[in-house]
Amino acid sequence: MASRDNHSADDHTCSLACFDAAISECRSALNEHPDASPERAMLLKALALSLRRRFGQSQQLVDLDEAADLYRQSLTMLPSDHELRPSLLSQWGFTLHTHFHHSQNVSDIVEALIHHREALELLPDGHPQQLVVLRNIVATLLCKHHPPLEAFELDEAVALSRTIVELSPSNKDSHHRLGQLLLRRFQDSRQQKDFDEAVGVHRTLEILCLDDSEGFDILNTVAATLSYVFDNTGEVQVLDEAVALSHKVATMSASDDDSRLRLGRLLLQRFKSSAKQLEFDDAVAVHEALELLYPDDENVRSLNALAIIAWVDGTGELSVLDEVILILRRILNDPQRSSEASLVKANLAAALLSRYELNHDDQDLEEAGPLFREALRQLPSGPVRRLALEKMAHILEHQMNGVDRTEKLNEAISLLYEHISVADGDGHRQASSLKKLARLLHRRFMRSVKHDAQDLDNAIVLLREVIKSLLPTDPARHDAAHELALVLASRFHHSGDSSFLDEAIQLENGALSATPHPPRLRSKFVHGLADIMYQKYHSSHQLEDLDKCISLNVEALSLLGPQDYKESIHYAMAQALLLRYQRSHSAEDLNVAISICRKALLEVDPTRHHHSTMFSILASLLSARFGLTKQISDLNEATSAFASTVTCEFQPVAQRFFSAQAWAEFADANGHESALEAYGLAIGFLPRIAMLGLDLSSRQLVLTAIVDGVARDATACAIREGNFERAVEFIEEGRAIFWSQALQLRAPLDHLRSKAPELVEHIQVISNRLEQESLRGVSKAAPMPHDAARAVEEQSRELLGLNDQWLGCLEKVRSIEGYESFLLPKKYSDLRLAAVHGPVVILNATKSRRDALILRTPETDVLHVPLVLLTGDAEQQLVRLRSLLSGAYPRSRGDRGMRFKGPLVDSDTIIKRGLAILWTTVVEPIIRALDLKKSASPPRIWWCPSGSFNSLPIHAAGIYDHREGQCVSDYVISSYIPTLTTLLGRPPPNVDSFKMLVVIQPNSKHHEPIPYATEELRRIEKIVDNDVLVRYGIQDAPALVSDVLSAIPTATILHFACHGVQVSAEPARQGYQAVKSNPLNSALILEDGSMKLTEIMELSLKNKSLVFLSACQTATGDETLPDESMHLSATMLFAGFQGVVGTLWSIDDRDGPEVAEAFYRHLFSSSQPSRGSQVVPDTAEAARALHLAVRKLREKEQSFMRWVPFIHLGF
């Protein structure tokens, strides 16, 4: 019996055939002894041993399974006192132990221990096999895959190991194992006696290994243990012994850095306690690599030689750096040094960065980044953290070189903000960090679609601080002036303020006129001045400014050598020549620019984003030349160049979107087959631009900055191609981006939960946090103090990090069978289901055409109705109508006079004419195409308008000049939807209990009184039972914003009678100031202020039926975002309501009670009993109820301005 697998040395040389033969022989012998007997038991044992040996080569678990069963059988054939039983039990246990290493089944270990322990009980003390069994038990207990030992198991292992040491006093392994077990028990129990015994055992072991050259590994472990003991006890005698043994180990293997490093640390510790100079001198050579781990130690006045080598910027000896990196790696992998890990990681990362600066091996850079990140999570404030922040930002800059990586840019900015927030007294180094941060802020501005001026303003403050801190003769001051000039030029382009441009020109000229610069630096300044002149031309439109720009770029190129970087100058040259061609129409400018681009593309690394940027300007140049020459080769090359830009992952997403849009428009205008592909790519970028990782205001600003109409243009292109289903997909995917993104966070996950419950939980946590953080918004002011800017950066990075986690979760879901299209844009096969309750009409208008696409039923094809009668003149009259309807002032329900801006006009005449045009050119062709007839009980229809059709009263279109006239309401009951998705997945709510919330606000500060709001409540009270009616805005319950928001989730129907305010996004050039005119600030006015759109968005309501917004402008869209449905009614749909009654513009206060009474009388007349005795209105009748209420108001021959604004949205 043996404590290891009982394979002889011959096992490794014997072939499988040899084992097969032995096994066959054993089986034959067993056939000759079929009856249970000691002889058969011996044969079973022999067969089991052969199977175990064969397993050693074949690794087939079936051999072990059979061997274990054979041991079991053999034991049943022997009496309880048979001498063979202990051997069989132990080998059975060992077989199970081996089986565990392959099966990982803990029951194997448990059973193995049972058999080993039984074998030990059967052996008398002093038996030759006792030592083997003891070792088997301890080895099984300490199996590395075994769960952590229970206290009683550890006690058993220690007791057995003591016996093993007694039985084999000269065996080094036995002493070593006992010492390690004692140390492990000390870690759990903190019993000093375990420490003392462990030290004694290891001292004995040291004696055993003194003259043993093969005992290095054991002694090295002993030294580490003694070092650990000293760290925990501080016993000087232990330290002395640890030093002595470490000397021995270091002498035995001079190449082992770990042992030398440990010796240095121990010697230093002894020097600190005893000032023994000799030992300290011994430690100096080794401690050069350790001293950096103790930067705050009182005996360490500065980083030592190796630390300096680790942190230098690429100026050192590669061989020395290699040695430092090797040493630091070994320290990092030493579990005894875990407390020093953050410092070691920082120093190792710094050394890797230094080596990268020398040999440009990207692998060093990729390894250094994660090390710095891990270190920064643990490093406290201090010089090492400050250095690590700066170096990590430097790594990110390297990684962004030629490649756009927004997440790395944001991380670098955040790190540098923290870095500069703690001054270290080194003015020049601080100036360098400030300048670097300013450059990155400018870079982010140039790559963003929102063009947030806050980054520019913060960069300007930083650079002014740099210039102020440096002497006039300092070369770094000239470079800072150059950087400031470029930022000021961008600020001028953004704001139009010429003072920025004047200062930029003055600064760049000053940098150029300073002491002579090296050619490369002068080229940089000359090119900077050329960029400023380019910006100046956009304001002055003077050709001489453009000529100056081109000549300066030519000069900048002439100053550079063959190996110098020229991509940015080539791009600027081509851009300026294209601009000059557009003024002068000189074909030579185009040809020269195209030649520059082609040459540059041959020189630029295809993996750098400059390569795709050059393709972008080349595409524009070839597009322009195609317009001049009509050469098909230019057309094809231009579209190919556009495609290269759009598909390049190194480009900023915003730039890829604009390139895709330009490609689509060019291909569409010239009938190229790639137009639909280009439009699809452009629309696909929209969610990535207005991503959930931006705060709410930033998302809205991004959508405002994007050129409006890409989805409508794409739809028109698909219609032109006869691909109506694709047209429906385009208009759905490319509009209401804001709501589509937000609704993704509230996607139902019930079906997914059964397949991936943990993933669903993670998604819900991420989506909840993402929604909360994005709704919180970011406080913006310009410029910001460094600490405030740092806080904003950290909040933005957290939001972007959540967005990355969200996208990662989506990818995981899409890898699950059946969920491949989870939260991807819907295909027509899904969208057609929007017509399950009635026809849906999509209205699309572009400069080139106007169309209606009708989804009649889910089973029928899309019906295309070209609106050919809607000519330019007719459309202008509709624009005038929309302007008139939105121009009533004050925008207040309480303004009964309904006055208008500008000179006195006959509003009804204009409205009547406009509604007639709308009928003739838009609605009547659709009614005829659907073959609808006049009806006293007309069917429903849903209008899904886009672009210029938004905010037009399509539901009221008609001929009203005579009694025989006709209008929409004669044929259909109209509802509006912002997207087709609004009608998908919205089953009628399951209402267990009904409650109606009515909020009125007759008087509000800064608004006209609306006394009829009280009458509106009174009439509702006559219809709705008192026990289900909750009222706010009355004497005992004022309509406070917080109370109303708390009450909304408990109600099935909401009714608001108050002022409503729609805020439009004014085209602001001041970046952060645009927040002041943000549609997200649209609100209902209550007792203590505004209940804003953003506050309603935070509500997550399930199975809510209906909300009636008897207020002004609650369905008035923002003209700057016509396809985004940024109004209160759409917000209610987003929050979970099935249907909304809203208003397109201001309403007359007197009409509120009339419409509300008629509406609710019909709604409650169609009531159905709920599960109890309570009566619940059928809210699916809301559209019909409003239809009847408005018809009643219209029959009183009221002004169009009185009845037209009421509309129904949703189901």
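The model described here is a predicted one.

Arginine 832 sits in the loop between α39 (828–831) and β1 (840–845). Not counting residues up to four places away in sequence, arginine 832 touches Leu855 and Pro858. Valine 728 is 104 residues from arginine 832 in sequence, yet the C-alpha atoms of the two are 9.1 Å apart in space.

## Nonpolar cores

Nonpolar side chains tend to be buried together in soluble globular proteins. In this model the largest nonpolar core has 111 residues. Those with the most contacts inside this core are Ile1048, Phe1056, Phe1159 and Tyr1160. Helix α41 (residues 907–929) gives the most to the core, namely 9 residues. The core lies between domain 3 (836–889 + 905–981) and domain 4 (989–1065 + 1077–1210), because both of them give residues to it.

Aspartate 1151 is part of helix α46 (residues 1151–1165). Its relative accessible area is 1%, so aspartate 1151 is buried. Leaving aside neighbours within four places in sequence, aspartate 1151 is in contact with Leu1193, Arg1202 and Phe1206.

Threonine 98 belongs to helix α4 (residues 85–103). With a relative accessible area of 14%, threonine 98 is buried. Its contacts, apart from neighbours within four places in sequence, are Phe55 and Leu64.

Val106, Val110 and Ile114 make a nonpolar surface patch of about 230 Å². Of these, valine 106 is placed in helix α5 (residues 106–122). Valine 106 has a relative accessibility of 36% and therefore counts as partly exposed.

## Salt bridges

Side chains of opposite charge can pair when their charged atoms come close. The structure holds 46 salt bridges. One of them joins arginine 373 to glutamate 411, with the closest N and O atoms 2.8 Å apart. This pair links distant parts of the chain, 38 residues apart: arginine 373 is in helix α17 (residues 362–376) and glutamate 411 in helix α19 (residues 406–420). Arginine 373 counts as partly exposed at 26% relative accessibility, whereas glutamate 411 is buried, with a relative accessible area of 8%.

Aspartate 479 forms a salt bridge with lysine 435, and the closest N and O atoms of the pair are 2.7 Å apart. Because aspartate 479 lies in helix α22 (residues 475–495) and lysine 435 in helix α20 (residues 427–447), the pair ties together parts that are 44 residues apart in sequence. Aspartate 479 is buried, at a relative accessible area of 12%, and lysine 435 is buried too, at 14%.

## A second bridge and a network

Aspartate 479 also forms a salt bridge with lysine 524, where the closest N and O atoms are 2.7 Å apart. Lysine 524 lies in helix α24 (residues 519–540) and aspartate 479 in helix α22, so this pair ties together parts that are 45 residues apart in sequence. Lysine 524 is partly exposed, with a relative accessible area of 33%.

Elsewhere, salt bridges that share partners join Glu1015, Arg1018, Arg1019, Glu1154, Glu1157, Arg1161 and Lys1196 into one network.

Notes
Residues are numbered from 1 along each chain as its sequence is written. This is a predicted model: local features need pLDDT of at least 70, side-chain atom pairs count only at pLDDT 80 or more; totals for chains, interfaces and linings use all residues. Side-chain values use heavy atoms; hydrogens and water are left out. Patches are made of residues with over 30% relative accessible area and no salt bridge: like charges are joined within 9 Å, nonpolar side chains (Val, Leu, Ile, Met, Phe, Trp, Tyr) within 5 Å. Accessible areas come from the Shrake-Rupley method with a 1.4 Å probe; for residues, only the protein chains shown count as cover. A salt bridge is a side-chain nitrogen of Lys or Arg within 4 Å of a carboxyl oxygen of Asp or Glu. Helices (H or I, at least four residues) and strands (E, at least two) are DSSP runs, numbered from the N terminus. Buried means under 20% relative accessible area, exposed over 50%, partly exposed in between (1.4 Å probe, protein chains only). Contact means heavy atoms within 4.5 Å. A nonpolar core is a set of buried Ala, Val, Leu, Ile, Met, Phe, Trp, Tyr and Cys residues joined through side-chain atoms within 4.5 Å. Domain bounds come from an automatic or database domain assignment.
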